[in-house]
Amino acid sequence: MMDGRVVFRWCLIAGLTALGTGSGLDTAWGLQPGQALVAGAEEEMQVLTRGPVHEAFAETVTFDPEAGLVVPNRPPEAIEELPPDQRLEGANVTWIPGYWAWDDERSDFLWVSGIWRNLPPARQWVPGYWGQSGPGFQWTSGYWADARESEIEYLPEPPATVEVGPNRAAPSADQTWLPGSWIWQQTRYAWRPGFWAAVQPDWVWTPAHYVYTPRGYVFVDGYWDYSVARRGVLFAPVYFTARSYTRPGFSYSPATVINLGAFVDNLFFRPRYQHYYFGDYYASNYHDAGYYPAYSVNSSRYGYDPIYAHERWRNRQDGMWEQRVIAAYQHRRDHAEARPPRIWMSQGGSGDGGIASTVRNLIGASLDQASRSRDSAWRFQALDQAERQELSQHGHEVQRFRDQRQQWETKAAMARDTARVHTGESARLKLPPSPIAARPADSLGREYTPPRTHAAPPLDRLVQPQPRQARSPEQLRPHTTLRVPFDKPQPKHELNVERPRESRGEGRPSRGPTESRSKGRESRAPAPSPELERPAAQPQGNRPADPPAAGSKPEQHKGKGKG
């Protein structure tokens, strides 16, 4: 015991590297000096090497966002989460606390650990929340808002996207395609086309998109974020039993660090939950339930993955890179032994052909080990208990801000605005300053100052908006729960490239059978004027053609560049 608290710290002493060159685990639990191991703690808590990614670490872009998941259980109260005792150095770095996320397979909540985050310049974090919806509880996503904005504008539902990707090749290999979006123009939506734009080596452009809220849709304009390796420290999610976090004096401090290289190699996109997922979601059951491999997203109508687009650009000189990514996904889908482990206790393979010798491990090291590494690009400084408590109190401010957002977006708070938001008018509300806000871009220094914002192309008023499938504002799509035993073997089968199917809902996973990236660095180039494209001819009222169903051969966009 320490200061009357039960402080559970999870430490992985030795991380394993690619292709089985690492060692096993030395110690399963790291304890504070003089602290006794709580009996049964290993059964009460489990560090996971897969799960949802903290949404402040990687914001998703969904073309036609809808109401979030509705789950049957009330989320627990937020746990007492102490930041780690090592702080990531940086003028624009702060601690963003964790939150509860729904785990389909357990039919229970797991804890998405807090993160050290190098904040995207000129943005402020508006955290997501669980709110009551009928007999269940619905997730509303967080987002990175413009730090200069003091109001939120809630908009009517945007029309169905007409984004189908480019209809001609990239002007150069140093450009990538950025998708178009609908823009609200006082009383109606107008289409802003996608365009080719220059890529910046250390920066990732998050395109304009919308976020669903119970009060209306919030427009998030495009912004620069740091490349994944420069965003901060991502910690492993944890599953707690109720008897652990309800114990008086309980607190938790994350210390198990996710290997960001392996994280990008095993990344999935779940548009229904507006979250990235990392780790073992390779069995075909997951694809059927709406967990899509990152390589398939940018050729679908579901959304856009800026992380994958950047990785593809980094490997633009390798003509076979994307084919290897697809092959790696298919191999892991068909061979359970080639998949990464799901909990860290199963990560330390023997090096004799097991999981650890075939898959780059998702856990790189304990935070203590990472902070002392001379090879790391990050530098850390020790925090004393008082500083940690101060940051923990800051986390409480974030929780209060989250609760405040929930209140102003609940049905009771927005009753007088409901009718007009859903009949073609916007509603505005004052946005209180977020406790998580980046410093002004001009105060960050050259290395952390973002490139110029991409010039927005002119609106294409010839593209006529088409409504989405009609439904009542109160009509939520039922949540389907994935129930696949953790160790259920999956029969092998043959499939080619899997793309998200055109569907309004995640199907219940089938009981039938059951992806990777690289690195590079280039010199910075100035942001040129965008190359504009009008959407290709649209069948059936400007709706894009369906992407190929799973099992079909990959379809190539005509004239599509490698960007």
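**Loop, sheets and helix packing in a predicted model**

Q: Where is Asn-259 found, and what are the elements on either side?
A: Asn-259 is found in the loop between β27 (256-258) and α3 (260-265). Helices (H or I, at least four residues) and strands (E, at least two) are DSSP runs, numbered from the N terminus. This is a predicted model, in which local features need pLDDT of at least 70 and side-chain atom pairs count only at pLDDT 80 or more, while totals for chains, interfaces and linings use all residues. Residues are numbered from 1 along each chain as its sequence is written, and side-chain values use heavy atoms, with hydrogens and water left out.

Q: What does the side chain of Asn-259 reach, and at what distance?
A: The side chain of Asn-259 reaches the backbone nitrogen of Gly-261 at 2.9 Å.

Q: What makes β12 and β13 a pair?
A: Two strands pair if DSSP finds at least two bridges between them, and β12 and β13 (residues 136-140) have 5 bridges, in the antiparallel sense. In β13, Gln-138 is the bridge partner of Gly-131. Helix α10 (residues 385-409) packs on the sheet and touches β12 and β13, its direction making about 35° with that of β12.

Q: Why do β5 and β12 stand at the edges?
A: The open sheet has 3 strands in the order β5-β13-β12, with antiparallel pairing. β5 (70-71) and β12 (129-133) each have a single partner strand, so one side of each lacks a neighbour in the sheet.

Q: Which strands form the open sheet of 4 strands, and in what order?
A: The order is β3-β29-β28-β30, and the pairing is antiparallel. β3 (51-52) and β30 (292-293) stand at the edges because each has a single partner strand. Strand β28 (residues 267-270) is joined to β30 by 2 bridges, and Phe-269 stands opposite Tyr-292 in β30.

Q: Why is α6 called oblique to α7?
A: Helix α6 (residues 306-314) and helix α7 (residues 321-334) pack at an angle of about 130°, with their axes 10 Å apart. Angles under 35 degrees count as roughly parallel, over 145 as roughly antiparallel, 65 to 115 as roughly perpendicular and the rest as oblique. α6 is therefore oblique to α7.

Q: Which residues make the contact of α6 with α7?
A: Tyr-308, Glu-311 and Arg-312 of α6 meet Trp-321, Glu-322 and Val-325 of α7, where contact means heavy atoms within 4.5 Å. These residues divide into 3 nonpolar, no polar and 3 charged.

Conventions:
Axes fitted to C-alpha atoms, helices over the stretch in contact; angles between N-to-C directions. Polar contact = N/O pair within 3.5 Å; in protein donor to acceptor, adjacent residues only side chain to side chain. Nonpolar A, V, L, I, M, F, W, Y, C, P; charged D, E, K, R; others polar.
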